[in-house]
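Colleague: I would like to learn how to read a few features of a protein model. Could we take them in turn?

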Amino acid sequence: MAQQSDPAPQPQPQPQPQPLHQARHTAQSFGTDARRYDRARPRYPDDLVARIVAGSPGIAAPDVLDVLDVGCGTGIAARQFTAAGCTVLGVEPDARMAEFARARGLPVEVATFEAWEPAGRTFDAVIAGQSWHWVDPVAGAEKAARVLRPHGRLAVFGHVFEPPAEVAEPFAAAYRRAAPDSPFSGQPARRPVETYQAGYAKIADRIRGTGRFEDPEQWRFDWQRSYTREEWLELLPTTGGLTRLRPDQLGAILAAVGHAVDALGGRFTMRYTTLATTAVRTGADD
């Protein structure tokens, strides 16, 4: 009798990456060191804040905008909007971040945006700085429409920061060595800004899909900042790929990056792009 050969292995479906808004452990890991996060994370361009304020006509009080800051973190964006004359309420799922923000004068309610109860409150603007990717994209857009006053503005924005190749490539190599099983280890050292612009275009599609906003706009702000070795090593541990690493993993990565910055003379210039997707809610009778 002829021996039967084993059947050829069949291709297996590859697991799909978890949507960011479902990655709650990472989403709520930034409060591990809220003080460092607040100290190291960059602020937003003044032109962005001014444009949002100018494009969000106040309804209840024309001279003072009521702003809801979704995923307010330690209050970085909220303080900038407060300085621009707005009244800001924060919503933040991480109690540690919320406590830090409250200590600096920002009223904060602890909840995810999806679960947060507005209790009939409405706002002239809803903002989300570096946080909308942690919100369910469909539920978030719908909820923003519900809590915005007619002609109020939703503004979703964040930074694209890609250090020079001389810093980015040693970081990526060290990350692969130190944390080979991390979902972040397979990412390229640098990604073009067009990759991020495509993500903001998807946000626009979700907003458009609610049928409750005027056509979304895409804004872009280019700027730069110089970092010393110490400043960059202060910021890196606050980023999503590093907040949940063991101390030995983090130490190995920071050592490699520090050596790379030393080779550049201990300082480098970061070219930032701040992207925004923004849309105005239609009027009550639209």
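This is a predicted model: local features need pLDDT of at least 70, side-chain atom pairs count only at pLDDT 80 or more; totals for chains, interfaces and linings use all residues.

Colleague: Is Arg153 buried or exposed?

Modeller: Buried means under 20% relative accessible area, exposed over 50%, partly exposed in between (1.4 Å probe, protein chains only). Arg153 is buried.

Colleague: Which side chain of opposite charge is nearest to Arg153?

Modeller: Lys and Arg count as positive, Asp and Glu as negative; His and the chain ends are not counted. A salt bridge needs a side-chain nitrogen of Lys or Arg within 4 Å of a carboxyl oxygen of Asp or Glu. For Arg153 the nearest is Glu217, 4.7 Å away, and Arg153 has no salt bridge.

Colleague: How are aromatic pairs read?

Modeller: Rings of Phe, Tyr and Trp (its six-membered ring) pair if their centres lie within 6.5 Å; planes under 30 degrees apart are stacked, over 60 edge-to-face, the rest tilted. The count here is 12 aromatic pairs. In one of them, the ring centres of Trp116 and Phe123 are 6.3 Å apart and the planes meet at 45 degrees, so the pair is tilted. Trp116 is buried, at 4% relative accessibility. Phe123 is buried too, at 6%. Tyr227 and Tyr272 also form a tilted pair, 6.4 Å centre to centre with 45 degrees between the planes.

How values were computed:
Residues are numbered from 1 along each chain as its sequence is written. Side-chain values use heavy atoms; hydrogens and water are left out.
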